[in-house]
Amino acid sequence: MNKGLLIVVSAPSGCGKGTILSEILKEDGYYYSVSATTRNPREGEVDGVNYHFISKEEFQQRISENGMLEYAQYCGNYYGTPKKEVDDMRSKGRDVILEIEVQGAMKVKKLCPDAVFIFIAPPSVAELERRLRKRGTETDEVIAQRVAEAEGEISHACEYDYVIVNGALEDAIEDFKTVVRAEKLRADRSEY
């Protein structure tokens, strides 16, 4: 049995990454890696679905035992990818999707050179801003901050294997599937 792919996906907020992945995950063979965090659950969040909610001590122990594929500290809490889950699923032939930010993706790139790195980009920064405004959930100040963060993230797109521009959702989903099909056909992944 072939080892499953490790597919690392990053995108600025508002690029439609969640929508694309929700469609991809409807297909068999994929496993969505749930991150671990030391922050408290928010209302409606479910342990093991939204995050694995663990104590700071347990998270630090996992770090010391090399049990995290990648991790970062943000606002006093740890966030990261449990390594064992990813390895177990891949060894069963399942393709694992990690939805992480650029900083974490670059850590994974050093540890897992066989991973596939996909960056989902907006058609333009102006379109991204339009999408964020259309949501109607954030202030002008927050939108400006998200757009500035997005520009910084987009500058790292060249460090990924593939860039999918999400102009039309159906095309972006098909592009994602095409990348996965192509990666599975690579000679260095073949059992021949």
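Mentor: F119 is buried, with a relative accessible area of 0%, where buried means under 20% relative accessible area, exposed means over 50% and partly exposed lies in between, computed with a 1.4 Å probe on protein chains only. This is a predicted model, in which local features need pLDDT of at least 70 and side-chain atom pairs count only at pLDDT 80 or more, whereas totals for chains, interfaces and linings use all residues. Residues are numbered from 1 along each chain as its sequence is written, and side-chain values use heavy atoms, with hydrogens and water left out.

Strand β1 (residues 6–10) runs parallel to β8 and is joined to it by four bridges, two strands being counted as paired if DSSP finds at least two bridges between them. Within that pairing, I118 of β8 is the bridge partner of V9. Strand β9 (residues 162–165) is likewise parallel to β8, again over four bridges, and here F119 itself stands opposite V163.

The structure holds seven aromatic pairs, defined as rings of Phe, Tyr and Trp (its six-membered ring) whose centres lie within 6.5 Å, with planes under 30 degrees apart counted as stacked, over 60 as edge-to-face and the rest as tilted. One of the seven joins F119 to Y160, edge-to-face, at 5.3 Å centre to centre and with 65° between the planes. Because F119 lies in strand β8 and Y160 in the loop between α6 and β9, this pair ties together parts that are 41 residues apart in sequence. Y160 is buried as well, with a relative accessible area of 6%.

In soluble globular proteins, nonpolar side chains tend to be buried together. A nonpolar core is taken here as a set of buried Ala, Val, Leu, Ile, Met, Phe, Trp, Tyr and Cys residues joined through side-chain atoms within 4.5 Å. The largest such core has 24 residues, of which I7, I97, I118 and F176 touch the most other members. Two or more residues of this core come from each of β1, α1 (17–24), β8, α5 (125–135), α6 (140–154) and α7 (169–184), and α7 gives the most, with five. F176, leaving aside its neighbours within four places in sequence, is in contact with I7, V9, I20, L21, I24, I97, I118 and I164, contact meaning heavy atoms within 4.5 Å. F119 belongs instead to a second, separate core of 20 residues, which also includes L6, V102 and A105.

K17 has its place in helix α1 and is buried, with a relative accessible area of 17%.

To complete the picture, consider the cysteines. A disulfide is a covalent bond between the sulfur atoms of two cysteines. By the criterion of cysteine sulfur atoms within 2.5 Å, the structure holds zero disulfides. C15 is in no disulfide, the nearest cysteine sulfur being that of C158, 16 Å away, and C15 counts as buried because its relative accessibility is 0%. C158 is likewise in no disulfide, with the sulfur of C15 as its nearest at 16 Å, but C158 counts as exposed because its relative accessibility is 67%.
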